[in-house]
Amino acid sequence: MHKKLQIFHLIIFCITMNLLQAQNSWSAIVDFGGGERERAVSFVIGERAYVGTGIDSANVCKSDLWEYDPGSNSWTQKANVPGTGRRDAIAFAIGNRGYVGTGINGVIAYLGTKKDDFYEYNPITNTWTTKDDWEGNFGGGVYYASAFAMEGKGYLVCGKFGPSYYSNELWMYDPATDDWVKKANVPGGTRYGVSAFAMNGKGYVGCGADENYFRNDFYEYDPVANAWTEKASFPGSPRFNAVGLSISGRGFIGLGTDGGNQKDFYEYDPIDDEWMQKADFPVTERRCCVAFTIGNFGYVGTGKSLSGLKRSIYKYKPFFFFNDEEEQVEKVAATVFPNPIKDQAVIQVNNANNSNLQLTVFNNAGAIVWQSETTKTNTFTFNRNYLNAGIYFYEIAVDNNAEITAISGKLFLI
């Protein structure tokens, strides 16, 4: 048993280090039900995603809405977003309701009308309710803004008021009062086409463009303090029209354009304020895509490449698992508390009853710095002892006598 686990540890460490540094996986899902599309919006309610509006392959602004069911891997058309078709709108979900609004109703900006209208979607009744118009720009509307939601509130950030007229504003929408409130401006200057997401009770905004520059700066918003903090810059090329999403407490930004379309993809760790490059988007470079998260998986697709508009969407798995079945991914998991670690931490393995477990900790060079005995107890106490501050990697081998699998992750020693 001990020798078998030692060999397994060596194999898994080599795989794990590569995966933690770069490699995750993408897989295609069924194409978007509304056809080829760019500049659309998306939101998620429960286990269903909703995608709509944007520009189609006939160069028409759309108002349609489609629901994606990951269980059946299928799309179903739903009630259209009220008002005229639009592009570069915003969308987010709060609780069991979706929200869509703003944007512009023309493919050519100077021929279109900027929108400030705002609507709430009820997925149970498949109906829309008119809500308070966005209150910025003296009622003149905004497009190319971005959005995120957290702690029961929605946020509209940055955007475009007109030619050479951009925003650095942050606005909060409260569904309880059906009202918009202006918050602290985003640092770093006005911009549009930013990447935005929320996680762990904080909002994150980065990249974007103004008339003269592509950006790669990145900021964290604290809604309690109503204050921004600059974080590590996005490590890819400065760009706009990139996707932004969060999965399981990590942020992701990728694709977009820096003058040429891109398909690189990066993960942001808020604990150590660090970016890591991940697996590239698996097909051609794109901009103006939609991105959303369902459970432990991200989804990115539609958008525009050099060859035209796209309808394909890809599912992104951010963590490495030996079994690709989602129900098996959720079967065995580990929690570490506290992490970052000052003196010691408890590592708990869930749903691994009657299995033989062994915990191994590696440094960045791949050397084993700590290893437990093989045990059937699913709780490990990791003592920091002499180890220097830094990032370490842990791996737990799980042997149920039928197969060996592994759980891996990071430990942050401070």
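Proline 338 sits in the loop between β28 (333-337) and β29 (344-350). Helices (H or I, at least four residues) and strands (E, at least two) are DSSP runs, numbered from the N terminus. The model is predicted: local features need pLDDT of at least 70, side-chain atom pairs count only at pLDDT 80 or more, and totals for chains, interfaces and linings use all residues. Residues are numbered from 1 along each chain as its sequence is written, and side-chain values use heavy atoms, with hydrogens and water left out.

The peptide bond from phenylalanine 337 to proline 338 is cis, with omega near -10 degrees. The loop between β28 and β29 also holds proline 340, and the bond leading from asparagine 339 to proline 340 is cis too, with omega near 25 degrees. Most residues other than glycine have a negative phi, and most peptide bonds are trans.

Proline 338 has a relative accessible area of 33%, so it is classed as partly exposed. Buried means under 20% relative accessible area, exposed over 50%, and partly exposed in between (1.4 Å probe, protein chains only). Leaving out residues up to four places away in sequence, proline 338 touches Gln344 and Ala345; contact means heavy atoms within 4.5 Å.

Phenylalanine 138 and tyrosine 144 both belong to the loop between β10 and β11. Phenylalanine 138 has a positive phi of about 55 degrees although it is not a glycine. Tyrosine 144, likewise a residue other than glycine, has a positive phi near 65 degrees.

Valine 224 is in the loop between β17 (218-222) and β18 (227-231). The C-alpha atoms of valine 224 and glycine 201, 23 residues apart along the chain, are separated by 9.3 Å. Serine 63, by contrast, is a strand residue, lying in β5 (residues 61-69). Its contacts, apart from neighbours within four places in sequence, are Thr53, Asn80, Val81, Gly83, Thr84 and Gly85.

The accessibility of these residues is listed below.

| Residue | Relative accessible area | Class |
|---|---|---|
| Serine 63 | 16% | buried |
| Valine 224 | 78% | exposed |
| Proline 338 | 33% | partly exposed |

## Strand pairings and hairpins

Strand β12 (residues 153-162) is mostly covered, with nine of its 10 residues buried. β12 pairs with strand β11 (residues 146-150) in the antiparallel sense over five bridges; two strands pair if DSSP finds at least two bridges between them. Serine 146 has valine 157 in β12 as its bridge partner. Two residues separate the strands in the hairpin of β11 and β12, where glutamate 151 takes a positive phi near 50 degrees.

β12 also runs antiparallel to strand β13 (residues 165-174), and seven bridges join them. Here glycine 154 is partnered by tyrosine 173 in β13. The hairpin formed by β12 and β13 has two residues between the strands, and serine 164 in the turn has a positive phi of about 60 degrees.

Further along, strand β30 (residues 356-362) and strand β31 (residues 368-371) run antiparallel and are joined by three bridges. Threonine 360 stands opposite glutamine 371 in β31. Five residues lie between β30 and β31 in their hairpin, and glycine 366 in the turn has a positive phi of about 90 degrees.

## The chain as a whole

The chain has two helices and 34 strands. Its C-alpha trace spans about 70 × 40 × 40 Å along the principal axes. Of the 414 residues, 53% are buried. Among contacts with a separation of 6 or more, 51% are between residues 24 or more positions apart.
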